[in-house]
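Biologist: I have never looked at this one before. Could you walk me through it, one question at a time?

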Amino acid sequence: MFRKELIPLLKKHPMGLYDIAQLLETSLRDTEDDLRHLIKSLKHSDYRLIITPAHCRKCGFEFHKDKIHKPGKCPRCNGSWIAQLLIEIIETKHWH
């Protein structure tokens, strides 16, 4: 899978890292690496990557957006009921 193929996959369809890896039949590590490179590539394009950060479903703690992989447990309450982050791509260039 080429990184550019992630654009139509994630365009206006938020997905988590695990879901992307499963769909593409790749490891979480490879998927995470591809997403990190895609983030850099999109800086000079008509697309933007939107990240909804992972959060603790027990206490609501929100993890930093830079943390792409799913955290193991919450630093605030030590809960392990963590919602994975969601990744979405939006198009920023509009034609009139």
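Biologist: Let's begin with Arg48: what is its relative accessible area, and into which class does that put it?

Modeller: This is a predicted model, where local features need pLDDT of at least 70, side-chain atom pairs count only at pLDDT 80 or more, and totals for chains, interfaces and linings use all residues. Residues are numbered from 1 along each chain as its sequence is written, and side-chain values use heavy atoms, with hydrogens and water left out. Buried means under 20% relative accessible area, exposed means over 50%, and partly exposed is in between, using a 1.4 Å probe and protein chains only. Arg48 has 35%, so its class is partly exposed.

Biologist: Where does Arg48 sit, in terms of elements?

Modeller: Helices (H or I, at least four residues) and strands (E, at least two) are DSSP runs, numbered from the N terminus. By that naming, Arg48 belongs to strand E1.

Biologist: And which residues does Arg48 contact, once neighbours within four places in sequence are left aside?

Modeller: A contact here means heavy atoms within 4.5 Å. With those neighbours set aside, the partners of Arg48 are Leu42, Lys43, Glu88, Ile89, Ile90 and Thr92.

Biologist: What is the order of the elements from the N terminus on?

Modeller: There are 3 helices and 4 strands in the protein. Starting at the N terminus, they run α-α-α-β-β-β-β.

Biologist: Which residues line the largest pocket?

Modeller: On a 1 Å grid over the protein atoms alone, a cavity is a set of points where a 1.4 Å probe fits but cannot get out, while a pocket is an open set with protein on both sides within 12 Å along at least five of seven lines. Lining residues have an atom within 4 Å of a point. For the largest pocket, they are Arg36, Ile39, Leu42, Lys43, Tyr47, Arg48, Leu49, Ile51, Lys65, Asp66 and Ile68.

Biologist: Which element gives the largest share of that lining?

Modeller: Helix H3 (28-42) and strand E1 (47-52) are the elements that give two or more residues to the lining of the largest pocket. The largest share is 4 residues, and they come from E1.

Biologist: How many residues of the lining are charged?

Modeller: Ala, Val, Leu, Ile, Met, Phe, Trp, Tyr, Cys and Pro count as nonpolar, Asp, Glu, Lys and Arg as charged, and the others, Gly among them, as polar. The lining of the largest pocket has 6 nonpolar residues and no polar ones, and its charged residues number 5.

Biologist: On to aromatic rings: which type of pair do Phe61 and Phe63 form?

Modeller: Rings of Phe, Tyr and Trp (its six-membered ring) pair if their centres lie within 6.5 Å; planes under 30 degrees apart count as stacked, over 60 as edge-to-face and the rest as tilted. By this rule there is 1 aromatic pair. The ring centres of Phe61 and Phe63 are 5.0 Å apart and their planes stand at 90°, so the pair is edge-to-face.

Biologist: What relative accessible area does Cys74 have?

Modeller: Cys74 lies in the loop between E2 and E3. Not counting residues up to four places away in sequence, Cys74 touches Cys56, Cys59, Phe61, Phe63, Gly79 and Ile82. Cys74 is buried, with a relative accessible area of 0%.

Biologist: Is Glu25 buried or exposed?

Modeller: Glu25 is in the loop between helix H2 (17-24) and H3. Phi of Glu25 is near 55°, a positive value in a residue other than glycine. Its relative accessibility is 72%, so Glu25 counts as exposed.

Biologist: Which residues does Thr31 contact, leaving aside neighbours within four places in sequence?

Modeller: Thr31 is part of helix H3. At 2% relative accessibility, Thr31 counts as buried. With those neighbours left out, Thr31 contacts Leu17, Ile20, Ala21 and Thr26.

Biologist: Last one: how far apart in space are Leu86 and Glu25?

Modeller: Leu86 is in strand E4 (residues 86-91). At 34% relative accessibility, Leu86 counts as partly exposed. Leu86 and Glu25 are 61 residues apart in sequence, and their C-alpha to C-alpha distance is 18 Å.
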